[in-house]
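The following exercises concern one protein chain. Please study the sequence and the structure before reading each solution.

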Amino acid sequence: MIVTTTAISFIFLSFGLAFCGGWFLGALRRSGEFKSDKRIGVLIGFFFFVYAIHSLILGLATLFAFSNPNYIYLVCIIISNILITGLAILGSYTVFYIFFPRIRRINVFSYSLILGIGILATLASFAENPQPLVMINGSFDFNHKPLFSFLIWFLGFVSIGSPLYIFGRLFIFAKNRELKLLSGIITILASLGVANISVRLLQFLPLSVFFRDKFFDIGAAFVGIVFVISLFFLSFSRNKVS
């Protein structure tokens, strides 16, 4: 087992996402928003918990990438591909369910496109047989080829872009102060998440591998830590007011 900054950042991100999912469900219940349709809160909360599991699996993959048997790493990568595909579909479904419930044809097309890319990315995992590297700066490099990186970027963009859109809209229209602040925090962090995966996975950008890896590690850890700290601050403020 080799501990890298990438593994630590994924684990921080996992805890932050799980914490955010639990806090959001509590804030939603207290605010009374979406009271007429409880499925919305369940979908969004479930999304955060699954994303936390996805990040934790990637963290474990980086920890055990060079262990024996070495297929543990490949299994973790395949599971993460399946989860990120499911997250992209779940995020897309949630957006359409909340904001565009009558547009069914686009729904089916988007789900089919995401599923097709997810299957292609999973098959590419077998074909590519990635050989990860530990960089001298302490980062873990997945060493994926450009096409595979682009496929994963697309799935990540949809899965992170969905809550970005949802909470961006919620921040504008939410009447409850606690929910509005939480939505603003998630919107900012989701924007950072999109920038983070773009820097890391879009290999046509003229950036060095060292910069990509370290930028991603710092960004992922930052998002997870800010999730926890900001929600603790909101909890303290709410208890103080009450």
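**Exercise 1.** Which residue lies over the face of Phe-171, and at what distance from the ring centre?

*Solution.* The model is predicted, so local features need pLDDT of at least 70 and side-chain atom pairs count only at pLDDT 80 or more, while totals for chains, interfaces and linings use all residues. Residues are numbered from 1 along each chain as its sequence is written, and side-chain values use heavy atoms, with hydrogens and water left out. A charge sits over a ring if NZ of Lys or CZ of Arg is within 6 Å of the ring centre and within 35 degrees of the ring normal. Lys-180 lies over the face of Phe-171, at 5.0 Å from the ring centre.

**Exercise 2.** Describe the order of helices and strands along the chain.

*Solution.* Helices (H or I, at least four residues) and strands (E, at least two) are DSSP runs, numbered from the N terminus. The chain contains 7 helices and 2 strands. Along the sequence, these elements follow the pattern α-α-α-α-β-β-α-α-α.

**Exercise 3.** Is Ser-9 buried or exposed, and which residues does Ser-9 touch?

*Solution.* Step one: Ser-9 is found in helix α1. Step two: buried means under 20% relative accessible area, exposed over 50%, and partly exposed in between (1.4 Å probe, protein chains only). Ser-9 has 0% relative accessibility and therefore counts as buried. Step three: contact means heavy atoms within 4.5 Å. Not counting residues up to four places away in sequence, Ser-9 touches Asp-217, Ala-220 and Ala-221. The C-alpha atoms of Ser-9 and Ala-220 are separated by 5.5 Å, although the two residues are 211 residues apart along the chain.

**Exercise 4.** Carry out the corresponding analysis for Ala-18.

*Solution.* Ala-18 lies in helix α1 (residues 5-31). With a relative accessible area of 27%, Ala-18 is partly exposed. Leaving aside neighbours within four places in sequence, Ala-18 is in contact with Phe-49 and Ala-52. Between the C-alpha atoms of Ala-18 and Ala-52, 34 residues apart along the chain, the separation is 5.4 Å.

**Exercise 5.** How many aromatic pairs are there? Examine Tyr-93 and Tyr-111 as an example.

*Solution.* Rings of Phe, Tyr and Trp (its six-membered ring) pair if their centres lie within 6.5 Å; planes under 30 degrees apart count as stacked, over 60 as edge-to-face and the rest as tilted. The count comes to 13 aromatic pairs. Tyr-93 and Tyr-111 form a tilted pair, with 6.4 Å centre to centre and 45 degrees between the planes. Tyr-93 lies in helix α3 (residues 71-99) and Tyr-111 in helix α4 (residues 104-128), so the pair ties together parts that are 18 residues apart in sequence.
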